[in-house]
Structure formats: C-alpha cells, structure tokens
Amino acid sequence: MAASGDLGGPVNSGPATQPLPPFTPPEQDQSAAGPVRGRQSQLRVLHLEDNLLDHELVRSALEDQLTPTPEFLQVEDEAGFRGALQDFQPHLILSDFSLPNYDGLSAFELAHRLAPHLPFIIVTGAMGEEVAVDTLRRGVTDYVLKQRLERLTPAVRRALAEHAERDRRRLAEAEIRGLNGALQLRLQQVEQLNAVAEERRLKQEDTARQLAESLTMQKTFLAETSHELRTPLTALLGYLRRLERESGESQTLSDAQRVAQNMTRLVNDLLQLTRGELVQNIEQHFVDLAELLRAVGRDYGVQVHAQALEIVADPGRLTQVFVNLVGNAVRVCGSPALVEIRADQRLSAEGTPEICVQIVDHGPGIPDDVKPRIFDKFYRGKEAGSAGLGLTIAQQVVSAHMGSLRVVDTPGGGATFEVCLPALDEDDDDDLALLAEEMDPEE
C-alpha cells in the first residue's frame, strides 16, 4: 500500500475537499419494461483503473444495462483520484484492488472519510477469499471479479438502491426525531400548565388558619425534637470517647464520633432555629460592638478592623450572628488568614446613622444563582458540616434588631456578608453618658 499522507487532508495544496452530495438513483418500473424514462438522473461513475482496456470493458458492461447512460471518469493514481472526488463528485466509485502506486483500500478509506455511505465497489482481476472478506469487513460495498463482469450491473443497482434507501431512512428518522422533539416540548408545556393550575388551586384552598397551624406545628416539632435528641446524642458522644480511651484510637471510632458530632451540631442548629424564629423579647443593652467583634475574631483567629462602636442590642444574639458568619467564612476558605472583620459607622440610604459590620472572605465566592437561596432554611452549601440553618438564624436575629443582612462579592474574589444595625441617636448618647456616670465609682 503506497504511503500518500493524511487520507482526509486537502487535495494537493488546493482548497479543502468538500463532502460529496447524496445521489438518488433512477426510479425503476416494477414491470419487465425496465427503467422509466424521463424520470431519471444521470449517474456519475468514478473508475480508479490504470488499464484502459479493463476500463472500457467495465464501461461497456454498465452502459449496455443502465439507462440513462452513466457519465464515466477514469483516473489512474492517487492524485487523480483526489482531484476527481473534489471536482467530479461521483455517485458511485469503482476501483481496481491493486495499482502500481496506489491501492483500492486506500482509495476507499479516503472516499469513506468524505462520504461514509458512498457506494464503493472493487472490480479486480484476482482476489483471495480472505482478502475479499476483509474488504467487506472494512466497509467496502461489494467486489466483482473482472472475469465475471455480468455481476457488475446487479451489484451496482443493488448498491445504489441500498444507498438511496439509507438516505430515505435517514431523512425519515430525522423527521421523526423532529416530531418527537416537538411533541415532548408540547407535553412539557402541558405539564407546566397543569402544575401552575394545581398550584393555584391549592393556594385558593389554603386558609390563614391552616397556615398558622402549620407554622405552629413546625416550630413545636423542631423545638421538641431538638430537646429530645440532645440528651441521647451527648451521652453517645461520651460513651464513644470513653470507649476510645479504653480501647485506643481506631478509624471506626473516629468515624462514629464524627457522625455523632455532626448530628449534635444539626440538633443544636434546629434548636437555635426555633429560638430564632420564636424570639420576641430582645434583651437590649449598651454594647461595645468593637469589643464583641474582637472576641469573636480571637476565637477564630481572624483579624478585626473596628473602632469603638457603641450600640444598643442583645450581645448574646449578636455574638450568635457573628459566630455563624465568621465560622462559615473560615470553613469555606479553609484558613482564617483569608477572612477579616471590618466595622464602621455610616449613613444609610435614608440618611439615618447605622453601624455596618462586614465579614470579608477571599474564598471561592458565591455564584449569583445561589445568593437568593443562601438564607433559606436547610439550604446547604458545599462546605462540610453545614446544616443549612446558620444563615437563617443570623438573618432572623438581625431582623429582630431592626437591621439588615446581605451578601455581596468581595473585590478580587470571595464573598462579603454585611450586617447593618441602627446606630445610637442623640437621646441614646445622652442615656449612655448618664449610665457611664452612674457606674463611675468616683462620682
């Protein structure tokens, strides 16, 4: 087999070879009268053959049997074959198996790259049975011996008919796929309409009393379940740790403790959620917010940038908020060095003074499609150990303090959670001064 470069490459140095167009063979009458004249298209036959006499014999055999007379083009080598594929664009290829500088299988592979279903028949003088089987296995349509050219016309007709049937089947399958796609789209639209109609019906059936009862039952269930589970989980952790001390460390005991700790964390979050939702009396005090933030920062190893900021709030609740936010940030980033706390006083959009605390992290950030959901109950991020309740609790506590909690992108990458709380007004400043005087032992 002669080497000829990349079989799928361009023809010589000219433009890239284009895929060959499909061909529909002449429609044939089912009667003995033969082909129906006037409804036929001319067949273009490319013949790869270096022997002119053999080409004439093949041409004569087909011209006598096919109507209208096919158009033939004979080529003798690879260059001619490549050019003919580009310019002649045949409907059928006939090829000798062995040529001086080329061979039929190489020609087939080249044609197959351009038009995988183009009929390709090998017409050769001699071919062993194993070679013939191998050519068919590779995808050659058929083979005919030059000594048996009476088989050539039936082989050509059969190949063209199979090619046309394949094209018809391909078009039919494409049409069926299109119809199925349109049907599936209609069914999805119907399902969506049914879902909207069902949702509206359910909303109309619901009453304020049912909603109130459902909410009350949910709160009660969360509170009672959390209390009931805390005691056995705490005992289980104690037993596991005791067993580890007595039996030594093992992977199984470590895994069991980790699971029990995760369950305990989830139960505590459930309990905090019920307390956050049911909180009605905020025990407000004058709080040095900067000192509170520095304490949280020390616990997590996070830097705090804040001046002295006095505020009226519940210190326990605010600590709960910032512990949740800072803990989440450190867990997501994997290092406290990537997290910092900033706090300052500014004017709100309404022109009122407020104190804003920013928990800034330089981690992976939060996708835009996730941001609207992160404050939903039980929505879990990718970080391990999250029960999906910490941010919900934080938002409820901030709302109870008449403040706001939002998340924005950190410049350069990451997420920033911003808590804004009402600052002290002039009356609060006077009350704070009086309180300070009362607490001064020298007065």
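At what angle do helix H2 and helix H3 pack, and how far apart are their axes? Helix H2 (residues 78–87) and helix H3 (residues 104–114) pack at about 20°, and their axes lie 11 Å apart. Here axes are lines fitted to C-alpha atoms, for helices over the stretch in contact, and angles run from 0 to 180 degrees between N-to-C directions.

Before going on, a word on what you're looking at. This is a predicted model, in which local features need pLDDT of at least 70 and side-chain atom pairs count only at pLDDT 80 or more, while totals for chains, interfaces and linings use all residues. Residues are numbered from 1 along each chain as its sequence is written, and side-chain values use heavy atoms, with hydrogens and water left out. Helices (H or I, at least four residues) and strands (E, at least two) are DSSP runs, numbered from the N terminus.

## The parallel sheet and its helices

Back to that helix pair: H2 and H3 are roughly parallel to each other. The labels work like this: under 35 degrees is roughly parallel, over 145 roughly antiparallel, 65 to 115 roughly perpendicular, and the rest oblique. H2 passes H3 in a right-handed crossing, meaning that the near helix is turned clockwise from the far one by less than a right angle. On the H2 side, Phe81, Arg82 and Leu85 do the touching, and they meet Ala107, Leu110, Ala111 and Leu114 in H3. Contact means heavy atoms within 4.5 Å. The residues of this contact split into six nonpolar, no polar and one charged. In that count, Ala, Val, Leu, Ile, Met, Phe, Trp, Tyr, Cys and Pro are nonpolar, Asp, Glu, Lys and Arg are charged, and the others, Gly among them, are polar.

Five strands make an open sheet in the order E2-E1-E3-E4-E5, with parallel pairing. Two strands pair if DSSP finds at least two bridges between them. Strand E2 (71–75) and strand E5 (142–145) are the edge strands, each pairing on one side only. On average, neighbouring strands of this sheet are turned by 20° against each other, direction ignored. Helix H1 (residues 52–63) packs on the sheet and touches strand E1 (44–48), E2, E3 and E4, with its direction at about 165° to that of E2. Within the sheet, strand E3 (residues 92–95) runs parallel to strand E4 (residues 120–124) and is joined to it by three bridges. Leu94 sits opposite Ile121 in E4.

H1 also packs against helix H5 (residues 152–205), at about 65° and with their axes 9 Å apart. That makes H1 roughly perpendicular to H5. Val58, Ala61 and Leu62 of H1 make the contact with Leu152, Thr153 and Val156 of H5. Those residues come out as five nonpolar, one polar and no charged.

Two loops here are worth a look on screen. Thr67 and Pro68 are joined by a cis peptide bond with omega of about -5°, and Pro68 lies in the loop between H1 and E2. Gln89 has a positive phi of about 50° although it is not a glycine, and this residue lies in the loop between H2 and E3.

| Strand pair | Direction | Bridges |
|---|---|---|
| E10 and E12 | antiparallel | seven |
| E11 (residues 404–409) and E12 (residues 415–422) | antiparallel | six |

Ile355 stands opposite Leu421 in E12. The hairpin of E11 and E12 has five residues between the strands, and Gly412 takes a positive phi near 90° in it.

Cys356 lies in strand E10 (residues 353–361) and Cys420 in strand E12, so the pair ties together parts that are 64 residues apart in sequence.
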